[in-house]
Amino acid sequence: MDKKQKIAIAAIVIVTALLSGLVLTTGGKDSAGEGAGEPAQGHQEEKAHKDGEHHGAAEASDHKDKDEHGDDEHHKTTSAKGPHGGALLAEGANAIEVVLAEDSDGARLVVYPLENGKPVLPQSVQLTAVLARPLQEKEKIPLEVTKDAFRSAASIEEPHLFDINFEVVANGRKLAFTFSKEEGKVELTADQIAAAGIKIKTAAGVRLNSGLQLPGEIRFNEDRTAHVVPQVAGVVDSVSANLGQMVKKGQVLAVISSSAISELRSEQLNAQQRLALARSTYVREKTLWEEKISAEQDYLQAQQALHEAEIAARNTQQKLRAVGAGVSTGGLNRYEVRAPFDGVVVEKHLSLGESVKEDANIFMVSDLSTVWAEIIVTPKDMNTVKVGEKAIVKATAFESSATGKISYVGSLLGEQTRSAKAHVVLQNPSNAWRPGLFVNVEVISDQTEVPVAISAEAVQSIDGKNIVFVRIPGGFMAQEVALGRTDGKQVEIKEGMKAGMPYAADGSFAIKAELGKGSAEHAH
């Protein structure tokens, strides 16, 4: 090997060594950037974040630097799951797992403290929880310490639509997390609310009329309704009254030719003539007796005959008056049927030339200026429905109402219905309350001020519970309520809502339909 070859081999070795050193140097630098440098650059909250910062993300590598987070910021629930299947809220090595555990009393809050993914004793951690519901004041949740977790002393009432703000003190660090649930929420925009015809009202205190609502029917006022009968048999000569006609007291309704009336009037004429003869005889005999011309016996006989004639005349007059026949303005057999009082002819059962009996019901006249609202009262309602109680009558076929008082309650129960009848007297100046009209009668037994009431139509029934859809930002919340007294239009809210809360009144069924579609599923 000559000198040139030796020099070439040495050059190759030197170049190879230099290239190997360059490769090794580059690989070591990259390795250090990925393995050791990333924690210092990619996740710097251990130095950059303050101890009081609120965190709720499950993955520490997702946090950014101090400039993008404020000291009081809350991070809400993520999709990360803990060992018990609950929501995992983590910051660095510290974390909590939040579970809503169902038991016989409802859903209880259970919080498991963790460190580096492993459970720690709850005695080593300080934890407070504050429940924040829409439109309601925040409330602190009392927690009990068990062997491995914190557990709420009471169940978390539905609806489960809330934020729970946790404050955790662990290893000298103060952290904050937010756990959120949105069960029972129906999201609707303002345009969707308007399109569905949903009207928003506000719960407020009102005066409620407490009482009882019963179905009823408008009837004739039987105290001012008469069945007109002719009282004598005969043949109809003329009919001057028609159905629906307003008539006055004493107005002629029909004329009947009656042989019985003719006989009564003939008897009356004979009695009147005998009375006139007896009176003149008495005057003459009295004068003769006073002048001592005739005997006293003749005078006494004339006096007795006069008395008998007067009695006979009065008797015939009373017979005519008893059948309603007055002084004849035509033939002796003319009998005029007259209206007993001012009213309306509501029934008519005769026609010209018809033969009628003395007990035939030929007309019915009723004074419709007042009517009855008749109701059926069962024994359990007897203590509420009393004479003199105020009642509000509402028509079922149209918008109309009237106020009256109960004037009658039956003393006996029907053998078949086991109920009693009662009625309210209503003034009817415009004849709006027509007999046969179905009505609802609300018997008012008391008037009470209630602190919170809403429209009765706002209450919906879901799974056997009374639900009201309360307006919250972004839509509505299904709120269970406890109902109290009602007057048919408004209902008292004893639990579940406060005065001032907005809610869906008209059109709330549309929200119920949306909820049924699964837009707000119930899950713990």
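Predicted model: local features only at pLDDT ≥ 70, side-chain atom pairs only at ≥ 80, totals over all residues.
**Notebook: strands, rings and a few single residues**

Two strands count as paired if DSSP finds at least two bridges between them. Helices (H or I, at least four residues) and strands (E, at least two) are DSSP runs, numbered from the N terminus. In this pair, Ala-226 has Val-365 in β21 as its bridge partner.

Residues are numbered from 1 along each chain as its sequence is written, and side-chain values use heavy atoms, with hydrogens and water left out.

**The sheets**

I then looked up which sheet β14 belongs to. It is an open sheet of 4 strands in the order β14-β21-β19-β16, with antiparallel pairing. Its edge strands are β14 (225–228) and β16 (246–247), and each of them pairs on one side only. A reminder on what holds such sheets: strands pair through backbone hydrogen bonds, either parallel or antiparallel.

Another open sheet has 4 strands in the order β18-β17-β15-β20, again with antiparallel pairing. Which strands stand at the edges there? They are β18 (334–338) and β20 (355–356); each has a single partner strand, so one side of each is left without a neighbour in the sheet. Inside this sheet I checked strand β15 (residues 234–239) and strand β17 (residues 252–257), which pair in the antiparallel sense over 4 bridges. Ser-238 has Val-255 in β17 as its bridge partner.

I also looked at strand β22 (residues 370–377), which is mostly covered, with 7 of its 8 residues buried. Buried means under 20% relative accessible area, exposed means over 50%, and partly exposed is in between (1.4 Å probe, protein chains only). β22 is joined by 8 bridges to strand β25 (residues 420–427), and the two run antiparallel. Trp-372 stands opposite Val-425 in β25.

**The rings**

How many aromatic pairs does the structure hold? I found 2. Rings of Phe, Tyr and Trp (its six-membered ring) pair if their centres lie within 6.5 Å; planes under 30 degrees apart are stacked, over 60 edge-to-face, and the rest tilted. Trp-289 and Tyr-299 make a stacked pair, at 4.9 Å centre to centre with 5 degrees between the planes. Trp-289 lies in helix α4 (residues 259–290) and Tyr-299 in helix α5 (residues 296–322), so the pair ties together parts that are 10 residues apart in sequence.

Are these two buried or exposed? Trp-289 has 30% relative accessibility, so I put it down as partly exposed. Tyr-299 has 10%, so I put it down as buried. Together with Tyr-282, they form one aromatic cluster.

I noted two charges over rings as well (NZ of Lys or CZ of Arg within 6 Å of the ring centre and within 35 degrees of the ring normal). Arg-224 lies over the face of Phe-341, at 4.6 Å from the ring centre. Arg-471 does this with Phe-476, at 5.2 Å.

**Two single residues**

Gln-268 sits in helix α4. Its relative accessibility is 16%, so Gln-268 counts as buried. Not counting residues up to four places away in sequence, Gln-268 touches Thr-316, Gln-317 and Leu-320; contact means heavy atoms within 4.5 Å.

Ile-96 is in strand β2 (residues 94–103). With 2% relative accessibility, Ile-96 counts as buried. Leaving aside neighbours within four places in sequence, its contacts include Ala-87, Val-111, Phe-166 and Phe-177. Ile-96 and Glu-115 are 19 residues apart in sequence and 8.5 Å apart in space, C-alpha to C-alpha.

**The whole chain**

Last, I looked up the overall values. The protein chain has 6 helices and 32 strands, and 38% of its 524 residues count as buried.

The mean pLDDT (the predictor's confidence in each residue, from 0 to 100) is 81, and 83% of the residues reach 70 or more. Among the elements, helix α2 (residues 45–48) has the lowest mean pLDDT (36), while β21, from my opening entry, has the highest (94). Over residues 19–73 the pLDDT stays under 50. Residues 519–524 are also below 50.
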